[in-house]
Amino acid sequence: MDAQSLTYVFVALSFSLYIGIAIWSRAGSTNEFYVAGGGVHPIANGMATAADWMSAASFISMAGIIAFMGYDGAVYLMGWTGGYVILALLLAPYLRKFGQFTVPDFIGTRYYSTTARVVAVVCLILISFTYVAGQMRGVGIVFSQFLNIPIFWGVIVGMAIVFMYAVLGGMKGITYTQVAQYCVLIFAYLVPAIFISMLVTGIPVPQIGLGAEVADGSGLSVLDKLDQTLTELGFAAYTQGGKSTIDVFAITMALMIGTAGLPHVIVRFFTVPKVSDARKSAGYALIFIALLYTTAPAVGAFARLNFVETIHNTQYTDVAGWFKSWENIGLIGWEDKNEDGRIQYHPGAPFEGKPTFGPDRRADGSRDVLNTPTTSDNEVYVDRDIMVLANPEIAALPDWVIALVAAGSLAAALSTAAGLLLVISTSVSHDLMKKTFAKGLTDRQELFYARLAAVTAIGIAGYLGIDPPGFVAQVVAFAFGLAAASLFPAILLGIFDKRMNREGAIVGMLAGLIFSLTYIAYFKFVSPETNSAEYWLLGISPEGIGSLGAVINFVLALVISRCTAPAPDHVMALVDNIRIPKGVSEPQNH
Amino acid sequence: MNDNNNGYWKANLRLLGILLSIWFTVSFGFGILLVEELNQIPFFGFKLGFWWAQQGAIYVFVALIFVYIHLMQKLDRQYGVSDDEDESSNPEDV
């Protein structure tokens, strides 16, 4: 069988597994729909959290981004794992003890205010939609590249699958499907990584291979060789960063506390039976996540090394097949500026913008790039997203590994999309309908509205995936900044600062959210030409601004709460209660 | 809050303080602020600062959570506030 038939088989097998699990674990009550009945084992919950968390961005894009950023890629590695320490130590156990369904539930109850609840719902929906649109797009891209299905139909198939298990199964269906999806995606990530590590260094553990000597007799370690090769071509050394220290600091902080403030991650800790299980879940989740996140930098470094060595100064007619196949899809473009028939790879953009191709091929068979060339020596355009997807081809791995990677990327995208859709539908049916605008709902009616909201959310997400307004891809990364600046401080202060009250929390959330949104919108849409370090506030890029937003949120909340009336006694008692693990109950639909 | 629970909370905060200082030191300290200095030191084929930023910090994060789980369990039992009914109902634990 060829790679494409194998991919069909792998994808079909994994999809039937997910659907089978969804039917087996259908939800019958709001409790099961929202928090899987509160009875998920910590290890299963850890795997589900890991799959929920690791999106198409982690699976497909991250290693490629690291490959091209070198040291600076650490912001994602530390940012997206360090958040779990915050989550485990500062949030998860207390939110589990609190024992309701949603993040707005906590904020609404802790700050005895419907306004606070609605503000939290608005933050949550903004964060989740920016995030989910990117996932559906990821599903579409994998379908179109590996299975030759148009992106439109790829997204439709993805929507149908998510519909099956999110709408029928709710949290219960999602949890057990995510366990299966974790297994698929981690296997699909590790297998090619191990192969490539063997190939480059002779050591099968990528984490160790990254520090080992290259098996080409040069006696250099992988990283030294990369530094040497890249600086010779005019790039910055791989192990040196290009960003300023303050920006690296701010982005890492925004990603960490943003992770801890993401509603679809937090809600996973409502599904375990006990407070101590919430702590354990976070620990297991981070082990499962760390497995991929410590492998990614190795994949990135090997890929960059392979990439440079394969293409630089190679005659186009002799270059490896994968270069041409990705060129055919349009994710690689080559402009032979010095007309020597060889590919030269240097820093800088080869031509302006993303490549557009003319209808005819050049004499050597390469595609004719129409873009205006730049003055740099670089002749190659390469889309960073192809690194993980192309890796098995670059390393000439068997076809079944390529099929596996396709199934793994779909698992990563679908599991995250489902988790996000669930928190969107829950916050609409539970927080907006039941708790705010339609208080008399029965359990059965609420479940109906939850499913209705899930269907609507899937529809909107699918639309955004098929026809993304130009900004979706850019905005996805900012979901973290928004979560960091709005929800995280309100939750943290709600647990650790008894004196915190309604006024402080609401003003803090709004100020953090509006400040970060404005800053991002200014540099991304209003005045994108000034989006560089000299114009940034304190040298912090829009990616890292969430950490400053969080500081503003904290300061305002603390000052205002000290000038206004303290929280009522029953809320003080609630805070005392959530600080003690004893007496935990099942999540209740109060 | 009664004295017992107050004591539990203070002990909890102390533990959090220690663990979060380690969390900050390995990531923001070794991985970002001191990365240039540490990069002068070779470490199993890595530059040490680079290793902390792309590998070491993550391993410490995992370890920190499990140390936390273990120490909190002890603390829960010591103050008789564990959510495990068999243990917390035992008067000797209080």
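Biologist: Is A:Val122 buried, partly exposed or exposed?

Modeller: This is a predicted model, where local features need pLDDT of at least 70 and side-chain atom pairs pLDDT 80 or more, while totals for chains, interfaces and linings use all residues. Residues count from 1 along each chain as written, chains are lettered from A and ligands numbered from 1 in written order, and side-chain values use heavy atoms, leaving out hydrogens and water. Buried means under 20% relative accessible area and exposed over 50%, with partly exposed in between (1.4 Å probe, protein chains only). A:Val122 has 43% relative accessibility, so the label is partly exposed.

Biologist: Which residues make a nonpolar surface patch with A:Val122?

Modeller: A:Val122 sits in helix α7, residues 114-147; helices are DSSP runs of H or I, at least four residues, and strands are runs of E, at least two, numbered from the N terminus. Patches take residues with over 30% relative accessible area and no salt bridge (a Lys or Arg side-chain nitrogen within 4 Å of an Asp or Glu carboxyl oxygen), and nonpolar side chains (Val, Leu, Ile, Met, Phe, Trp, Tyr) are joined within 5 Å, like charges within 9 Å. The patch covers about 200 Å², with areas from Shrake-Rupley and a 1.4 Å probe, where only the protein chains shown count as cover for residues.

Biologist: How much area is buried between chain A and chain B?

Modeller: The contact takes 55 residues from chain A and 47 from chain B. Buried area is the accessible area (1.4 Å probe) two parts lose on being put together, summed over both. Carbon and sulfur atoms give 71% of the total, which is about 4300 Å².

Biologist: Which residue of chain A forms a salt bridge with B:Lys47?

Modeller: There are 2 salt bridges between chain A and chain B. In the one with B:Lys47, the closest N and O atoms are 3.4 Å apart, and the partner is A:Asp227.

How values were computed:
Contact means heavy atoms within 4.5 Å.
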